[in-house]
Each structure stands twice: as structure tokens, then as C-alpha cells.
There are 2 protein chains.
Amino acid sequence: MNRTTRLNAAFNPSSVAIAGVGPVTAGKWYLDSLLSSGFKGPIYPIHPNGGEASGLKVYASIRDIPGLVDYVICCIPARLVPQLIRDCAEKGVKVVSLFTSGFSETGTDEGKRLEAKIVRLAGAGGTRLIGPNCMGVYSPSSGLSFVSDFPREAGGVALVCQSGGNTIYFVRLAAERGIRFSKVISYGNACDVNESDMFEYLAEDAETDLVAAYIEGVKDGGRFLRTLAGLASRKPVMVLKGGSTGLGARTAASHSGSLSGSDAVWTSLLQQNGVIRVHTLEELVDMVVTFRFLRLPRGRRIAMVGGGGGASVLATDACAASGFALPAIPPALAERIRGFLDSDAGLILTNPIELNMFPEVTYNIARNFIAGEMFDLMLANCVFGQHPWPVFDIWSDLFCDTILKVHHETDKPAAVVLDSDLSNQEGHFAALRQRYCAAGLPVYYSTANACKAVDRFIGYHKRAGGPKQTE
Amino acid sequence: MNRTTRLNAAFNPSSVAIAGVGPVTAGKWYLDSLLSSGFKGPIYPIHPNGGEASGLKVYASIRDIPGLVDYVICCIPARLVPQLIRDCAEKGVKVVSLFTSGFSETGTDEGKRLEAKIVRLAGAGGTRLIGPNCMGVYSPSSGLSFVSDFPREAGGVALVCQSGGNTIYFVRLAAERGIRFSKVISYGNACDVNESDMFEYLAEDAETDLVAAYIEGVKDGGRFLRTLAGLASRKPVMVLKGGSTGLGARTAASHSGSLSGSDAVWTSLLQQNGVIRVHTLEELVDMVVTFRFLRLPRGRRIAMVGGGGGASVLATDACAASGFALPAIPPALAERIRGFLDSDAGLILTNPIELNMFPEVTYNIARNFIAGEMFDLMLANCVFGQHPWPVFDIWSDLFCDTILKVHHETDKPAAVVLDSDLSNQEGHFAALRQRYCAAGLPVYYSTANACKAVDRFIGYHKRAGGPKQTE
């Protein structure tokens, strides 16, 4: 059994044990998350006191477990970990994921020694280690999760993430926008399994179409480059580098014990390999959403539909700042559209075009506008909070009806902006987002974010020799 | 009575009439908003059909109203507006605010002629016009509002805004973050009352401490420069210029009939007058929040407290990118802080510092850390969505307790980042924001936004010759 086959057991284990399942502990939370995420195989809680946890028998030691154990989640104090690793090796455990912290990330000699020791013990026993100081694995097709609100449904996006907190936040942010995952790993200190292992693994993984990564630092630069290049030549890769500034690098060192490396080097190596670089988690989600849901536009000419003059002015500025065009509506098309309008409606017949409250008028306008041959992309701009009166919910629902109908009837690439930081409209906001996502549309939270993401998406395909761009 | 005195009637009217109060009309919504915002004087709805609206007698014409009318909100079709203006002049109305659109913003000769006509009629009668194509005035100290969810409480911030939708969105965004307003005006096409009138008025207004503005274009550049310089020499001014790109300018022309002017000219004239320029509504809120709630830091050295290693790495990168320092914790201070810690707690003893779940420990750490003489600003970083298990609500409440307690006990400037785009945590998010705002703290939605705002704030005071900055 080679190292990659063993790593595979972390994503598709036949059985899982959790060490450190006392009451009100991380171990107990891991157990409950696993129970709620639909894992099919046996689950073995471990704690010296034995007893029961969430209805399952608790074993005093891994040695007492009757069946085979593929994968162990370790939540016991650092000083007890070496003995657990010895026991795991003896038991034939393929992978141990260590939530436990207190190793090299402390910067102390003691922590570093302890980490070296468990690496030695695991290596001798043929057990692979994830972490320490990490959340471990989320693999929905196996029913494996460490957070109970992650989606149970699987999808084509993989996440390789050095931070547990960033893993969790990213999955939640992306899930709200319709993204589903193949494999997610939070790998912390990377004492054994690291980003390069995962890049190799995911390049071959048939369930994974694209890979997002948050990396604080790498230890073997040569291998990193080879595996990244190999992965990026087969699948889109987008990277958020943590510790890109000198100060951030110092923080990264104390977080995951990472050496961040020069930012200029990162910039050039990512660029050379066609890897998309982003600077925030939100941008990382924007890119993943774009690659999953946007059809490649043939050019940069946007047809924007929305409501509100001032919102349209600012949205237009944002499009222009990212190098997009908003061609004016040609006279013949304007004439056709004007035919649908009550002359007193006060709509602004330009691009961006405003949609009003009358479903049929709105549909006819949008349908004719969007289908116009001079546009490459429909951008639907739904700005919350701009409307003074209780008609907003109605308007935004009608607007959504129209956009979805037009989207189904045309093959024009389409993107949606739902702009709101207002807490008091969050319920309706979430419902609308759900409708757009269910229709397979990419949703963004500002026009500027949408334009930046689409710009990078077009750039990626241009470099990769995709369909010819007009204009 | 001079022009400014008349303008004052829009913010402090003794009586208001609303023209166009039919069922399910903008006029009816204006009426209901006014009724719910606590206006003390008489309110006169007008509609040719008469009858009743929201319990008030509806007058067939303004001429039939028995008492004096200071301020009229006009929601009738454009073609009927000239007669209304004639009637208003006769009645001695001081200001008419025109929600009605269909004037110069249409770009048609007819629309321009109609606008010129009402300006002529109003001028002859001594009536001032706000708009057309605008929302009008929100003046909480007079109980005057056009949106029922705007705060009834007044405050020191004025907003001068050419877009009705942007006015509404801005007030709501700012209100959620603790901002209260003196005078807000949405002035649309600016056929009479314009940004320069408002700058003059607000420079003298004792209730206004700072002025935010959204401007698409100005007609009299010379007067604009004079009034802006006059205002900016007395109060902080921050401007969002809509139509800053060529494309955006075209959209602005069709929105409010504005000539946007060269962006380079705007940049230089704003800079020369010490006006802060922003590029999004969110940035405009960030700046207003900063000027209202942040004590001026003496330098750029941040003490950051928060939770989560990966979140801290990205937050540190954001601080560094805006030119802030995060000095390492000196050995003596580290020793003192270590004294409060259980050695197994696994906290990262650096800057940013992590706070755990034990209130007393957390308080002692934060108190000693923040009070350190090598820091100029406390930045509390509360990242939602990073926590895997149901302890997050508890953690974020404890964290808030600690931050508020330390804030009250030290005179260190303090800012709070509440980072969340997650809909499912919105309720708790809003509750926490409310707690921080009630304590008078500036709240931001990302570290990058906080740092950009504080950087501009420090820059403003440096230019103005504020307290000497260290480092």
C-alpha cells in the first residue's frame, strides 16, 4: 500500500475512531458532527473512562476496538499523542488527523521535538498524519465532516487549506452560494501530509474539477512547484497566500510554524503556472463560484439590468474600472423596447437598464435587451436597501422571475449581483440567493467583486487558449 | 426672507403638504412614512378625489388647505407640476420637493423645457425647489422622513446625495452601525437647490459636525469650489463621486442629467481642500463611522486581539498592506501575560493575540496587552463563521464583554471588526454589532476596510495639523 493509497483512506475511510471523547470536548463535537453528517461505517469513540457517548460505546483505548480502524481523529493532549500513534501503527490505522495543538507552531524546542517524534513513530508504522493543529477532513461523499452545518451533498470543488478557521469559513461562505465539495482538508502544521501531497492526489481525483487553496508556507519548494504545475495543467487552481506581508509571515510562523517565503517569488510562480491568485477569502469564493457557474463570455461587453439610477451609476463605474464595456442600446433595439413601455413609466432606456414592477413589460424588455448581439454577458444587479417602501420584496421577486426566465431562454452567460449589508433584509436576501443559486447562476455581493472575478476568469481562459474573445 | 432661510424650511417645516396621495401611490407612502416618523406639525394630503388617507382629510387642491404650508412633497405626474408650483407660490410655500421624474434627466427637449418652466415659476414666486427626480429631505429632529425605518433619533452627520436610492441605502447602512443624522437631502436633478447650497447651509448648521456627499455632477464649478472649500475648512467632508469613469458619467447623465466632469479634476480639487474621497457607499460609511467614533490614534501601531490563527494571518496582512505596524509583544509583557495562562491553553502569545473562553483569563490578557505603551490602537477582530462548534455564540459574547470592559478602562483608541457574510449567523451578528455600537465603538466589516478608513482618518488629521504622530 503506497502513501497515496493510505491518504485516500482519510477521504474514504471504512471506519473512524475519535480519541478524546470526554464530555464537552472537541472529541465529543467531532463525534456529533460525524453522526450528523451521515457517515455509514462504524464510529468508535475513545476515552480512558469508557462509558457511552451520543449513544455509542466508548472504548478505553484504540487497542480495545474489535474491528479495523482506517482513520483516527486525535483530540487528546499533545503529551499523550506519541503513545496513540504507536497504538495506531500497531492497529494498522492508515491516517491520523490531529486536532491537537502544542507542537512546532509553539516555536518551542519541546513542541518541535514532540512533532518530530510523532512523525518518526507514524512513519515507522506506515501511518500518515494530517496536522497537527488542524481540523482534518471533510469528504461529503463519504459522510465525513467535522462541522454539522456543512452540506451533505457532494460536488466538484476541492479545498486545500492550512487554517482550520479559514477552512470552515470558506466552506460556509461558498456553500451559501451554491458550491459543493469533493474533498476538503485542513492540514495545519503539515508535519506529514502537505499541500504537495494533496495537489498530487487531487490531480488524479475524478471527483474534483477545480482546486482552491489557502497556504501559509511550504517546506519543500521544489516538490511544491512540480505538484502545483502538474495540477494546474489539468484543473483550474486558485490560491490565497496567507502571510503575504512580512508581518503576516510572522503571524503565520506562530500559527502553523510555516516559512512564508518571498511574496515576489509566490507571485511569479503562481502566474507562470496559470494559477489564479486572490487576496481574501471572499475573492477565493468569488473565483470558485465563477468557474463553477459562469459560461465563458465571448467578450467584455456587459448588458446590465437592475433598478435604481444611483446604484447603476456606481455599478457602471465598477464595470469600467475592471475594463468592461457597456455598449449603448442601438436605436433599433431601443425602439423595439420602447414599444413595451407606458410612456410615463420613467424608465431609463440605456445600459444599465432599469426594470419596473410590471412582470410582462419587464420580461419583454429584458428578453430583447439581453438577446442583443452586441452583448457578451448579462449582469443582473439587485441592490438591496435602495428601495424606500414595502414594494422592495415584491420588486426583487419579480426581478428574479424575469432574470431566471430570460436566463433559461437564452444561452448568454449570466451573473447576478445581490448587494446588501443590511441585517434587517437578510431573510429575503437569503431566499433570493437560494433561487438564483438553484438555477445555476453565479451570485456576487457587489458589482466590483463580480467584475474582478469575471475579468480573471476571462484572463485564465485566454491564457489557456480558450474560445476567441471579441473586442 | 432670503434663499437660505427658505431652504431651512425644508428641514424644519411647521407644516407639510403632500400632492398626489392616491391609494397605492408614492404620495401615500410619503404620507405614511411622515406619520410614522413623528412629525409634529399639520400634514395635508392632496388628491383631486378628496376623501381620507391614513385617517387624514385629503384636500382636492393646495388652495383649499386652511393653514399655512411651509413644505410640499410633490408626487403628481410631471405634466401637472407647473400648475402645482403656481399654486404653491400663491400659497407662500417655501420649498417644494419633487419626487416626480420626467424632466431633464430624460435627455429630451420636452423634459428640459418642463424643468426650465418650473424653475421659472418657482423663482418668480419665491419658492425653492428640491429635485425633481429625488427623495427629498430626512430631518429627524423635525420628525421628517420619507422612509419609515430610518432612525427617529437625530445626530451630527449630514448627507448630501444626488441619488435617492443611494441616500436610502447609505442611511440604512450607517444607521446599523450607530450613525445618526442631522440633515439628509436627496436632491436629484438639482434644478434649484444643489450641492453648493447645501454646503453653504451645512457649514453654518450647528447640528452638523461632518458632511458626507454623493455627487454625480455640478453645474456651477466656481461656486462649488468656493462652497466646498468653505465647508471643508470648518468640518470634515467626505465625497463619493458617481460617474468617475467615462461609462459611469454616461449613466449619470441619464440618471440625474449631470455633467460629471473630468475625474482628474475631481481628484485634485478634493485633495486640495482636504476632502476625503471614497469610491463605494461602504467606504463612505466606513469613513463616517471612523470620524464619529474613533479617537485619533497617536501613531500606527496596532494591538490586535481576536480568535483564530488563519483569520489573524489574513488580518495581519491587511494591516501591513495599509502601512500599519503590529509590534511584537515585548518579553516583559509576554511574561506578565503568560502568568494568567494555563500552560496547556495553546494560545498564541504574539500580536495578534488570541482570546480563549475563560472570561477572567481573557480579561487579564487583553487588559495588560492593550495598555502596553507600544500600541496606539486596539483592533478587536471578531471573525464569524470560523468556529466549528456551537461555542461560537458564547465565545463572541465573552469576547465582546472583554473588549467593552477594557475599552471603558483605558483611553486607547479602539476599533472593532465584525467579519461575516454568513446569512445563518445574521441574528447574532446584528446583536453583537448593536452592543459595540451602543458602547460608542466604530464597527467595520473587514480588517482591510478598517485599516483603510483609519489610515485616511490619520492622514486627514495630519494634514489638518492634529496631534503629532509617533513612528
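What share of the 471 residues in chain A is buried?

## Overall form of chain A

In this predicted model, buried residues account for 56% of the 471 residues in chain A. The chain contains 16 helices and 18 strands, and its radius of gyration is 25 Å, close to the 23 Å that the globule rule gives for 471 residues, so chain A is as compact as a globular protein of that length. Taken along the principal axes, the box filled by the C-alpha atoms of chain A is roughly 80 × 50 × 35 Å.

Where contacts in chain A join residues at least 6 apart in sequence, 76% of them link residues at least 24 apart.

## Relation between the two copies

## A helix pair in chain B

Helix α14 (residues 392-409) and helix α15 (residues 426-438) of chain B have axes that come within 11 Å of each other and cross at roughly 5°, and α14(B) and α15(B) are therefore roughly parallel. On the α14(B) side the contact is made by B:Asp393, B:Ser396 and B:Cys400, which meet B:His428, B:Leu432, B:Arg435 and B:Tyr436 of α15(B). The residues of this contact divide into three nonpolar, two polar and two charged.

Note on methods
Residues are numbered from 1 along each chain as its sequence is written. Chains are lettered from A and ligands numbered from 1 in the order in which they are written. This is a predicted model: local features need pLDDT of at least 70, side-chain atom pairs count only at pLDDT 80 or more; totals for chains, interfaces and linings use all residues. Axes are lines fitted to C-alpha atoms, for helices over the stretch in contact, and angles run from 0 to 180 degrees between N-to-C directions. Helices (H or I, at least four residues) and strands (E, at least two) are DSSP runs, numbered from the N terminus. Angles under 35 degrees count as roughly parallel, over 145 as roughly antiparallel, 65 to 115 as roughly perpendicular and the rest as oblique. Two residues are in contact if their C-beta atoms, placed from the backbone, lie within 7 Å. Ala, Val, Leu, Ile, Met, Phe, Trp, Tyr, Cys and Pro count as nonpolar, Asp, Glu, Lys and Arg as charged, and the others, Gly among them, as polar. The radius of gyration is taken over C-alpha atoms; the globule rule is 2.2 Å times the number of residues to the power 0.38. A residue is buried if 20 or more other C-beta atoms lie within 10 Å of its own, exposed if 12 or fewer, and partly exposed in between; C-beta atoms are placed from the backbone.
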